[in-house]
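Let's take a walk through this protein together, starting with the overall fold and ending at a few individual residues. Keep the model open beside you as you read.

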Amino acid sequence: DLFFMVIHPISNLMILTGILLVGSGWRKIHSAEQGLVTTGVYAYVRHPQYLGFLTLTLGMIVQWTTLPTLLLWPLLVILYYRLAKREEKEMEAKFGEKYREYKSKVPMLLPFPKLKRNPAY
């Protein structure tokens, strides 16, 4: 059966990945003593805990799909995005140029490198 051979293990991996992202992000933040964290998972995304929650909940939706969860998950994405934007303003106010430099190098939620465009085109 396709679900139990492929989809279920993938969703389990998504759930586990989400848990690991939340846990490792939480450990980094709470051991930083109010400093700017740019190492560990924070070297790959600026909001690993939010990415973790979204990955975890999406993995759960794959296993236990209901109409309410399908409708509410996009709302969850929007709310976490807005929260992240608000937090980034606070981080810029607190850490200034150091945070702006970090922000220019590390993606917000998806760990894909930014594509550099040739300004001549």
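Predicted model: local features only at pLDDT ≥ 70, side-chain atom pairs only at ≥ 80, totals over all residues.

**A tour of the fold**

Starting at the N terminus, the elements of the protein follow the order α-α-α-α. That makes 4 helices and 0 strands. The mean pLDDT of the protein is 90, with 93% of its residues reaching 70 or more.

Now zoom out for a moment. The C-alpha trace spans about 50 × 45 × 25 Å along its principal axes. The protein has 121 residues, and 29% of them are buried. Its accessible surface amounts to about 8700 Å², and carbon and sulfur atoms account for 68% of that.

Next, look for open space in the model. Rolling a probe the size of a water molecule over the atoms shows where empty space is left. The largest pocket found in this protein has a volume of about 450 Å³. It is lined by 21 residues, and those closest to its centre are Ile-29, Gly-35, Tyr-42, Glu-87 and Met-91. Which helices contribute to this lining? Helix H1 (2-31), helix H2 (48-63), helix H3 (67-95) and helix H4 (97-105) each provide at least two residues. H3 gives the largest share, with 5 residues. Sorted by class, the lining holds 11 nonpolar residues, along with 5 polar and 5 charged ones.

You will find Tyr-42 in the loop between H1 and H2. Is Tyr-42 buried or exposed? Its relative accessible area is 7%, under the 20% cut-off, so Tyr-42 counts as buried. Setting aside neighbours within four places in sequence, Tyr-42 is in contact with Gly-25, Lys-28, Ile-29, Val-37, Pro-48, Gln-49, Tyr-102 and Val-106.

From Tyr-42, move along to Met-108. These two residues are 66 places apart in sequence, yet their C-alpha atoms are 9.7 Å apart in space. Met-108 sits in the segment after H4, and with 12% relative accessibility it counts as buried because that value is under 20%. Which residues does Met-108 touch? Not counting residues up to four places away in sequence, they are Val-45, Arg-46, His-47, Tyr-81, Ala-84, Lys-85 and Glu-88. Arg-46 is 62 residues from Met-108 in sequence, while the C-alpha to C-alpha distance between them is 4.9 Å.

Two more stops complete the tour. Gln-63 belongs to helix H2 and, at 14% relative accessibility, also counts as buried. Beyond its neighbours within four places in sequence, Gln-63 is in contact with Phe-3, His-8, Ser-11, Asn-12 and Ile-15. Leu-83, in helix H3, has a relative accessible area of 27%; this value lies between 20% and 50%, so Leu-83 is partly exposed. Leu-83 and Gly-52 are 31 residues apart along the chain, and 15 Å separates their C-alpha atoms.

How values were computed
Residues numbered from 1 in each chain as written. Heavy atoms only, no water. 1 Å grid on protein atoms, 1.4 Å probe; cavity = no way out; pocket = protein on both sides within 12 Å on 5 of 7 lines; lining within 4 Å. Points joined across faces, edges and corners; volume = space filled by probe spheres on them. Nonpolar A, V, L, I, M, F, W, Y, C, P; charged D, E, K, R; others polar. Buried < 20%, exposed > 50% of the residue type's maximum accessible area, 1.4 Å probe, protein only. Areas by Shrake-Rupley, 256 points an atom, 1.4 Å probe, with all protein chains shown as cover. Contact = heavy atoms within 4.5 Å. pLDDT = per-residue confidence, 0-100.
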